[in-house]
Amino acid sequence: MPFLHGLLLSIGLILPLGAQNVFIFSQGALQPKFRTALPAVIAAAVCDTLLILLAILGVSVLIISVPVLKTILIIAGVLFLAYIGWVTWRSGGGVPSSSEASQYSPRKQVMLAVSVSLLNPHAIMDTIGVIGTSSLDYSGLSKGMFALACIFVSWLWFFSLATAGRLLGRLDSGGLMRAMNKISALLIWASAIMMLASNAGDIR
């Protein structure tokens, strides 16, 4: 029961389209080989694992409760989302050029994946409010099974998302991917604006 609960809960939380999902999908489509997209996939999965564990252990509540840390998190998140949106807007479609591939070196993939995963107050608050709160119903082995299910869904989802992006990138001649990159960039910028607007009172 705890494992099934964690499984269903995590699927519901991870499915909505957001900056993190858009970035992982685009890396699957953009990179010339699937393995070259793995730095972004693994970094996002590790970050989600960290957030889940912190939420279940209750540590992340302390981060959000400190106003200065929350303000820094919001500002950094908005800036990184704006940058990722700009890079996504400028990227082409179809077979990536050498210049596009160089834009997403393994180090940059990890940096951007970490930024869209951890520098997002909404993601942290959702993790605390939903996963963290739900885990209070369990203890001992049951809590461990609940956490394991949540982590399993994250890893499976990000690998599947990159695989779907890779398949689309191989089938598409370029036009569809260019359009998707434009839409993805607009969604990422919209996320940044919404984050800024909803937290305006905290950074005055």
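In this predicted model, helices H2 and H7 cross each other in a left-handed sense. The pair packs at an angle of about 155°, and the two axes lie 8 Å apart. Because an angle over 145 degrees counts as roughly antiparallel, H2 is described as roughly antiparallel to H7.

**H2 against H7**

- On the H2 side the contact is made by Ala19, Gln20, Phe23 and Gln27, which meet Gln109, Leu112, Ala113, Val116 and Ser117 on the H7 side.
- Sorted by class, the residues of this contact comprise five nonpolar and four polar ones, with no charged residues.

**H2 against H9**

- From H2, the residues Gln20, Asn21, Ile24, Phe25, Gly28 and Ala29 take part, and they meet a set of H9 residues made up of Trp157, Phe158, Leu161, Ala162, Ala164, Gly165, Arg166, Leu168 and Gly169.
- The residues of the contact between H2 and H9 divide into nine nonpolar, five polar and one charged.

**Arginine 166**

- Arginine 166 belongs to helix H9, and with a relative accessible area of 19% it counts as buried, because the limit for that class is under 20%.
- A polar atom of the arginine 166 side chain lies 3.3 Å from the backbone oxygen of glutamine 31.
- When its neighbours within four places in sequence are left aside, arginine 166 is in contact with Gly28, Ala29, Gln31, Pro32, Lys33 and Phe34.

**Lysine 33**

- Lysine 33, one of the contacts of arginine 166, sits in the loop between H2 and helix H3, the latter covering residues 38-57.
- The relative accessible area of lysine 33 is 43%, so that this residue is partly exposed.
- Lysine 33 and arginine 170 are separated by 137 residues in sequence, yet their C-alpha atoms are 10.0 Å apart in space.

Terms used:
Residues numbered from 1 in each chain as written. Predicted model: local features only at pLDDT ≥ 70, side-chain atom pairs only at ≥ 80, totals over all residues. Heavy atoms only, no water. Contact = heavy atoms within 4.5 Å. Helix = DSSP H or I, 4+ residues; strand = E, 2+ residues; numbered from the N terminus. Nonpolar A, V, L, I, M, F, W, Y, C, P; charged D, E, K, R; others polar. Axes fitted to C-alpha atoms, helices over the stretch in contact; angles between N-to-C directions. Parallel < 35°, antiparallel > 145°, perpendicular 65-115°, else oblique. Left-handed = near helix turned anticlockwise from the far one by under 90°. Buried < 20%, exposed > 50% of the residue type's maximum accessible area, 1.4 Å probe, protein only. Polar contact = N/O pair within 3.5 Å; in protein donor to acceptor, adjacent residues only side chain to side chain.
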